[in-house]
Amino acid sequence: MLLLSPSILAADFAELGENIRKADGAGTDYFHVDVMDGMFVPNISFGVPVVEAVRKITKKPLDVHLMIEKPERYIEKFNAAGADMITVHYEACEPLKETIDKIHRLHMKAGISIKPHTPIDVLKPYLADADMVLIMTVEPGFGGQKYMEMCTGKIRELRALYKENGLERDIEVDGGITRENIDVVLDAGANVIVMGSSIFTGNIAENVIYFKEHLKKYEN
């Protein structure tokens, strides 16, 4: 199934609630919440209180991406705040298998994310454990970056690994996805598409409808 997950990092924070309502009403599948600590990535975004606030606005699944050091410290807090799925970084989470298990025990989906220059091979021991892998297609930490073409091959490689192992898992991509290149990541095997500026710049509802219709046509 092809799913759209708008990143609220690109929303107008002065009108965050209204931005979310517009995307929700237009039919988005998830909302992507990027949590940054200024240590794992060179920026600070938002944390538990924002997830709690977003949870009050929408019933859509909250796709929480922890770009933070030692994310295992905060799993329970984000669960209590309303997260439906939590993705942690391979590069920032040493007890990775244990953290995935903790997320699952709290009845959430668990994802693993890797940076653009981290090889796919590092994921092999965890392919069956995680529900999703998030391949960052820009360097994490800032919105509005250009898609890194080198990541297309990584998407293909991961999809091939899943097939070889008889696994049905989600591949999420995040970073620089636009109307011009969305087919590139879909053709490569991605099925959960994170978009920030492409959704929250201009008419939010029209943008969501456009991409949802595009995904439907692509599935057919």
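**View 1. The largest cavity holds about 40 Å³ of space.** A cavity is here a set of points, on a 1 Å grid over the protein atoms alone, where a 1.4 Å probe fits but cannot get out, and its volume is the space filled by probe spheres set on points that are joined across faces, edges and corners. The model is predicted, with local features needing pLDDT of at least 70 and side-chain atom pairs counting only at pLDDT 80 or more, whereas totals for chains, interfaces and linings use all residues. Residues are numbered from 1 along each chain as its sequence is written, and side-chain values use heavy atoms, with hydrogens and water left out.

**View 2. Tyr30, Met85, Lys109, Ala110, Gly111, Asp131, Met132 and Asp170 line the largest cavity.** Lining residues have an atom within 4 Å of a point. Strand β5 (residues 109-114) provides the largest share of this lining, three residues, where strands are DSSP runs of E with at least two residues, numbered from the N terminus.

**View 3. Eight strands form an open sheet with parallel pairing, in the order β1-β8-β7-β6-β5-β4-β3-β2.** Because β1 (3-6) and β2 (31-36) stand at the edges with a single partner strand each, one side of each is left without a neighbour in the sheet. Two strands pair if DSSP finds at least two bridges between them.

**View 4. At one edge of the sheet stands β2 (31-36).** This strand and β3 (residues 62-67) pair in the parallel sense over six bridges, and the bridge partner of Met36 in β3 is Met67.

Conventions:
On a 1 Å grid over the protein atoms alone, a cavity is a set of points where a 1.4 Å probe fits but cannot get out, and a pocket is an open set with protein on both sides within 12 Å along at least five of seven lines; lining residues have an atom within 4 Å of a point. Helices (H or I, at least four residues) and strands (E, at least two) are DSSP runs, numbered from the N terminus.
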